[in-house]
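Me: I would like to learn how to read a protein model feature by feature. Could you take me through one slowly, giving the general idea before each case?

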Amino acid sequence: MGARRAPTIRDVAAAAGVSVGVVSRVLNPGSGPVAADTRARVMAAIEKLAYRPRYVAQALGRGRSDRIGLLLADLANPFFAYLADRLVWEARGRGVQVVLMTHQEDSRLEGDLLDALLDQSVGALIATPTGGNIEKWRRLLDAGLGLVFADRSLEALPHVDTVSISNKKSAEVATRHLVDLGHSRIGFISGPSSTSTGRDRIAGYLAVLRSSGIDVDPALICEVPFRGSAGADAVSALLALPQPPTALIVANTAQVRFALHRLKHAGVAIPDDLSVIVFDDNPWIELVSPPLTAVRQPIDLLAVHCLERAVSRAAARGGMRVEHVSVDAEFVRRASTAGPRVERRKRRSNARSPQS
């Protein structure tokens, strides 16, 4: 099916019940007088039809690959801050200008930014979607904007290019490591399941528990927002359980420092009281005591693939095959994981017992 025909200035005029000349004067302030109520009707028609002036369509039609939009979630999240830095670095080396925006995990703000994007004359957009605004995303695609989803995807838009971490596999590797150490009570702090990242990581965690014959306890799974400090409250809730976990995976990168801060204030000894694995890339992860076992996310590769795809989309004139790129994370074992305390005591006791 071909893209829907873009609305024209004549469509706007017809919808507003005015002449094309009146619409032109509204679009070009200072070119002539327009009554306030007439202007309001024209603006309402422009909004309803999602009309964009021809110069924007011309900029898109030229395949402008020297200007790329970047719509990320939240630069307070170290993952997205580093991703933005690497994308800008890669773009600079290619002579590409990056227009950076953030939606702060707010779907309404995201919607406003998507409405304004076509007026930015960008050739393509790299974005981490909130999970909403499906029709607005479709409107951008219909207008010919090259689109690449980074780190997250939208099930309703499977025909959009995606570049992401192997989130399900990464969670499986982390969970399997703890199960192999003897843990069966494993806490899991995730991002919201409304995002593909949150869903995939939870799915990986559950898959390993079920394949290992371990009962799933919903109380051990904490979905928390990426923004704020809810990771700390999640830690408190897990520690307060009648049977608290003996291991914890913090799979929400933005909440790692809040979770660790609460563990420290609770006097939890790592790994004696609790084994800990984090999804993070920051250098300080290996400098804390003890150094933390981590899922190291390949943000550099993510940035390269995103930019290559976006530039190709911006320069193309149709006919490109949709691609879904998945890059593997690296599991780095350090000193923050060990067997449960009871299991370690059993092993030490068995080692000391006389041989028969």
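The dialogue below moves from the overall picture to single residues.

Me: What should I know about this model, and how many helices and strands are there in the protein?

Reply: This is a predicted model, so local features are described at pLDDT of at least 70 and side-chain atom pairs at pLDDT 80 or more, while totals for chains, interfaces and linings use all residues. Residues are numbered from 1 along each chain as its sequence is written, and side-chain values use heavy atoms, with hydrogens and water left out. Helices (H or I, at least four residues) and strands (E, at least two) are DSSP runs, numbered from the N terminus, and the protein has 13 helices and 12 strands.

Me: How do I read burial, and what percentage of the residues count as buried?

Reply: A residue is called buried under 20% relative accessible area, exposed over 50%, and partly exposed in between, using a 1.4 Å probe and protein chains only. Of the 356 residues here, 46% count as buried.

Me: Which residues have the most contacts inside the largest nonpolar core?

Reply: A nonpolar core is a set of buried Ala, Val, Leu, Ile, Met, Phe, Trp, Tyr and Cys residues joined through side-chain atoms within 4.5 Å. The largest one has 41 residues, and those with the most contacts inside it are Ile186, Ile189, Leu248, Ile249, Leu263 and Val278. Several elements each supply at least two of its residues, among them α8 (167–180), β6 (186–190), α9 (196–211) and β9 (275–279), and the largest share, five residues, comes from α9. A second, separate core of 26 residues includes Leu87, Ala150, Ile165 and Cys306.

Me: Which residues does Val278 touch?

Reply: Touching, or contact, means heavy atoms within 4.5 Å. Leaving aside residues up to four places away in sequence, Val278 touches Val250, Val256, Ile285, Leu292, Thr293, Ala294 and Val295. Across the protein, among contacts between residues at least 6 apart in sequence, 69% join residues at least 24 apart.

Me: How should I look at a strand such as β6, and which of its residues are on each side?

Reply: In a regular strand the side chains alternate between the two faces of the sheet. In β6, Ile186, Phe188 and Ser190 are on one side and Gly187 and Ile189 on the other, and all are buried.

Me: Which strands does β6 pair with, and do they run parallel or antiparallel?

Reply: Two strands pair if DSSP finds at least two bridges between them. Four bridges join β6 to β8, and these two strands run parallel, with Gly187 standing opposite Leu248 in β8. Three bridges join β6 to β7 (residues 221–223), also in parallel, and here Phe188 stands opposite Ile221. A crossover is right-handed if, with the strands pointing away from the viewer, the path from the first strand over the helix to the second runs clockwise, and β6, α9 and β7 make a right-handed β-α-β unit.

Me: Where is Asn167, and which side chain does its own side chain meet in a polar contact?

Reply: A polar contact is a pair of N or O atoms within 3.5 Å; within protein, one must be able to donate a hydrogen and the other to accept it, and residues adjacent in sequence count only if both atoms are side-chain atoms. Asn167 lies in helix α8 and is buried, with a relative accessible area of 3%. Its side chain makes a polar contact of 2.8 Å with the side chain of Arg201. Asp115, in helix α6 (residues 107–117), is buried at 17% relative accessibility, and a polar contact of 3.5 Å joins its side chain to that of Arg139.
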